[in-house]
Amino acid sequence: DQYKSIKPWLQTKVEGSHDLTKGEFLQSKQDRKKLDGMYECILCACCSTSCPSYWWSADKYLGPAVLMQAYRWIEDSRDELTAERLEALDDSFKLFRCHTIMNCTKTCPKGLNPGKAIASIKKKIADSH
């Protein structure tokens with residue numbers, strides 16, 4: 001349910017606005033590069049199980065694995081609902097239970113950095129206010 005709550009798919013403002021019969025939904029190499037370090041996540045949840053904030057509030061805090069995936073969609077240049085995604089995360093529990101302990105980054109078997117993704121979401125929300 002937590003993973004589904006972030007709507008982990010490309011979203012457009014107008015349903016069906018990109019006609020896939022006319023080709024792929026392309027992005028620049030620079031925009032694609034922004035997704036490096038996020039799309040590789042296999043959702044093993046090692047990061048979430050190592051997170052004390054998640055232990056204490058697993059029912060409300062989304063945790064590092066889900067938040068890293070949320071950031072993957074926030075950063076995708078093809079997604080048109082970035083503001084709505086950020087608004088949905090702007091919550092004292094869903095996102096802001098992260099206390100930057102960074103166990104998540106230390107335990108990721110793929111060497112990814114969920115802590116950085118979470119900090120980036122927080123910054124984007126702060127910049128939007």
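Modeller: Let us begin with a term: a residue counts as buried when its relative accessible area is under 20%, and as exposed when that area is over 50%. Please keep in mind that this is a predicted model. With that cut-off, helix α5 is mostly covered, since 12 of its 12 residues are buried.

Colleague: What span should α5 have, given its number of residues?

Modeller: The expected span of a helix is 1.5 Å times one less than its number of residues. For the 12 residues of α5 (residues 63-74) this gives 16 Å, and because the end C-alpha atoms are 16 Å apart, the model agrees with the expectation. Helix α8, with 15 residues, reaches 21 Å from its first C-alpha to its last, close to the 21 Å expected.

Colleague: Which residues of α8 are buried, and which helices do they pack against?

Modeller: An α-helix has 3.6 residues a turn, so residues three or four places apart point the same way. In α8 the buried residues are P114, G115, A117, I118, S120, I121, K122 and I125, and they pack against α3, α5, α6 and α7.

Colleague: How many residues does the largest nonpolar core have, and which have the most contacts inside it?

Modeller: A nonpolar core joins buried residues of nonpolar types through side-chain atoms within 4.5 Å. The largest one here has 23 residues, with L67, L89 and I121 having the most contacts inside it. Helices α5, α6 and α8 each supply at least two residues of this core, and the largest share, six residues, comes from α5. Leaving aside neighbours within four places in sequence, I121 is in contact with L67, Y71, I74, L86, L89 and L95.

Colleague: What do the values for the chain as a whole say about its radius of gyration and its burial?

Modeller: The chain has eight helices and zero strands. A compact globule of 129 residues would have a radius of gyration near 14 Å, and the chain has 15 Å, which agrees. Of the 129 residues, 38% count as buried. Among contacts between residues at least 6 apart in sequence, 72% join residues at least 24 apart.

Definitions and conventions
Residues numbered from 1 in each chain as written. Predicted model: local features only at pLDDT ≥ 70, side-chain atom pairs only at ≥ 80, totals over all residues. Heavy atoms only, no water. Helix = DSSP H or I, 4+ residues; strand = E, 2+ residues; numbered from the N terminus. Buried < 20%, exposed > 50% of the residue type's maximum accessible area, 1.4 Å probe, protein only. Contact = heavy atoms within 4.5 Å. Rg over C-alpha atoms; globule rule 2.2 N^0.38 Å.
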